Amino acid sequence: MGVRLPVAWSAVLVLLVRAAVAREYAAIFNFGDSLVDAGNLVVDGIPDYLATARLPYGMTHFGYPTGRCSDGRLVVDFIAQELGVPLLPPSKAKNATFHRGANFAITGATSLDTPFFVERGLGKTVWNSGSLHTQIQWFQDMKPKLCGQEQECRDLFRRSLFIVGEFGGNDYNSPLFAFRPLAEAHDMVPHVVESIGRGVERLIAEGAAELVVPGVLPIGCFPVYLSIFRRQPAGGYGARSGCVKELNTLSWVHNAALRRKVEELRARHPGVRIVYADYYTPAIQFVLHAEKYGMLKQTPRACCGAPGVGEYNFNLTSKCGEPGAYACPDPSNHWSWDGIHLTEAAYGHIARGWLYGPFADPPILDAKHLG
């Protein structure tokens, strides 16, 4: 029979656990694409075409655009704050301090390197600003700023948290946005997952012992895909969700393959802790059970955008940050920010699910892990 702690004691226990974890992780190193880019794309200047570097991006938390593709904080920001680590600076930032970690993520990143797409005639539909393996090279290039001798580096990385992704979304976009047969995207899954596995092992070889490997989102629920792939056959949409079934199936297939890869890596590296982090389930929950998360129950709809095809508030010619687009009054009651990325509110729910469950296997702050 379990012992029930008074509420006050439970709160104290939570604070003690959080304090212990904050001491446990010396640093956080993050890799990924626009879901977790904290500004790497805009460090060297803001291209005129880049709407994500203009208001209303950043309106909720920062009050100004930071290069994050959201109204505020991202999953990695919430994780850093919960672990008592400062928000990670973009790895390309000038005069930044990286002693508590760095964010190597950059918008447009893929799992696979550019030649893979060029060989398949997809070079013009992939915007690869820094693949997973390029980001790992950036990490390796930064090592002299982080530590001295090799053993000192390994000790630091052993006490750090590495978040590797998500990766894959932009890889699959290359055939999808070229309107190639969906089978071509499915054919890429083993290549994408194998590349992620190699990336994880490269980081383990550097000394990483705690890694988080996220899956991809259910892309069939996002306004950008609902708008572009709007001519679905009868039965092509989920009866309850309104999402494009075959696109969500692609995401599910990727995630299932990635989970198998994570199991394989765990068996190969028994002394390393690898967490599978789930983006898919919480996003589906936001669609099906919006009220549970303080969100509006509605057709998948961008908070920031302009009227286009259907009810999605997404228009390719007037995207968030561009003339004619506007932001909803309260982003916290939407899960989709700009039809492509999520709101700060959604990222906050996901981060808590990764840290404490149920959206991670095992949770980052798993009780057994904390002892």
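Me: Relative accessible area under 20% counts as buried, over 50% as exposed, and anything in between as partly exposed. In this predicted model, is R158 buried, partly exposed or exposed?

Reply: The model is a predicted one, and R158 in it has a relative accessibility of 46%.

Me: With which residue does D155 form a salt bridge?

Reply: D155 is itself partly exposed, at 28% relative accessibility, and it belongs to helix α5, which covers residues 150–158. The closest N and O atoms of the pair are 3.9 Å apart, and the partner of D155 is R158.

Me: How many residues apart in sequence are the parts that K94 and D44 tie together?

Reply: The side chains of K94 and D44 meet in a salt bridge, with 2.9 Å from N to O. K94 lies in the loop between α2 (75–82) and β2 (101–103), whereas D44 lies in the loop between β1 and α2. Both residues count as exposed, K94 at 57% relative accessibility and D44 at 62%. The pair therefore ties together parts of the chain whose separation in residues is 50.

Me: Are R73 and E344, which meet in a salt bridge, buried or exposed?

Reply: The side chains of R73 and E344 meet at 3.1 Å, N to O, and this pair links distant parts of the chain, since R73 is in the loop between β1 and α2 while E344 is in helix α11 (residues 344–356), 271 residues apart. R73 has a relative accessibility of 17%, and E344 has a relative accessible area of 10%. Because the limit for this class is under 20%, R73 and E344 are both buried.

Me: How many salt bridges does the model have by the rule used here?

Reply: In general, side chains of opposite charge can pair when their charged atoms come close. The model also has a network of salt bridges that links E194, E201, K261, E264 and R268. By the rule used here, the count of salt bridges comes to 16.

Me: Which residue of β4 is the bridge partner of I163?

Reply: Strand β3 (residues 161–164) is covered on both faces, with L161 and I163 buried on one side and F162 and V164 buried on the other. Strand β1 (residues 28–31) pairs with β3 in the parallel sense over four bridges, and F31 stands opposite V164 there. Strand β4 (residues 210–214) also pairs with β3 in the parallel sense, over two bridges. Within β4, the bridge partner of I163 is V212.

Me: Which element gives the largest share of the lining of the largest cavity?

Reply: The largest cavity has a volume of about 40 Å³, and its lining includes G168, G169, Y172 and N173. Two elements give two or more residues to this lining, namely α6 (169–176) and α9 (245–268). The largest share, three residues, comes from α6.

Me: How many charged residues are in the lining of the second largest cavity?

Reply: The second largest cavity has a volume of about 40 Å³, and M295, R301, H334 and W335 are among the residues that line it. By class, this lining has four nonpolar and four polar residues, and its number of charged residues is one.

Me: What is the volume of the largest pocket?

Reply: Of the 35 residues that line the largest pocket, those closest to its centre are N170, N173, F177, I340 and H341. The elements α6 and α8 (223–228) each give two or more residues to the lining, which by class has 20 nonpolar, nine polar and six charged residues. The volume of the largest pocket is about 960 Å³.

Me: Which residue's backbone nitrogen does the side chain of S336 reach?

Reply: S336 has its place in the loop between β7 (326–327) and α11, and it is buried, with a relative accessible area of 0%. Its side chain reaches, at 3.2 Å, the backbone nitrogen of G339.

Terms used. Residues are numbered from 1 along each chain as its sequence is written. This is a predicted model: local features need pLDDT of at least 70, side-chain atom pairs count only at pLDDT 80 or more; totals for chains, interfaces and linings use all residues. Side-chain values use heavy atoms; hydrogens and water are left out. Buried means under 20% relative accessible area, exposed over 50%, partly exposed in between (1.4 Å probe, protein chains only). Two strands pair if DSSP finds at least two bridges between them. A salt bridge is a side-chain nitrogen of Lys or Arg within 4 Å of a carboxyl oxygen of Asp or Glu. On a 1 Å grid over the protein atoms alone, a cavity is a set of points where a 1.4 Å probe fits but cannot get out, and a pocket is an open set with protein on both sides within 12 Å along at least five of seven lines; lining residues have an atom within 4 Å of a point. Grid points are joined across faces, edges and corners, and a volume is the space filled by probe spheres set on the points. Ala, Val, Leu, Ile, Met, Phe, Trp, Tyr, Cys and Pro count as nonpolar, Asp, Glu, Lys and Arg as charged, and the others, Gly among them, as polar. A polar contact is a pair of N or O atoms within 3.5 Å; within protein, one must be able to donate a hydrogen and the other to accept it, and residues adjacent in sequence count only if both atoms are side-chain atoms.
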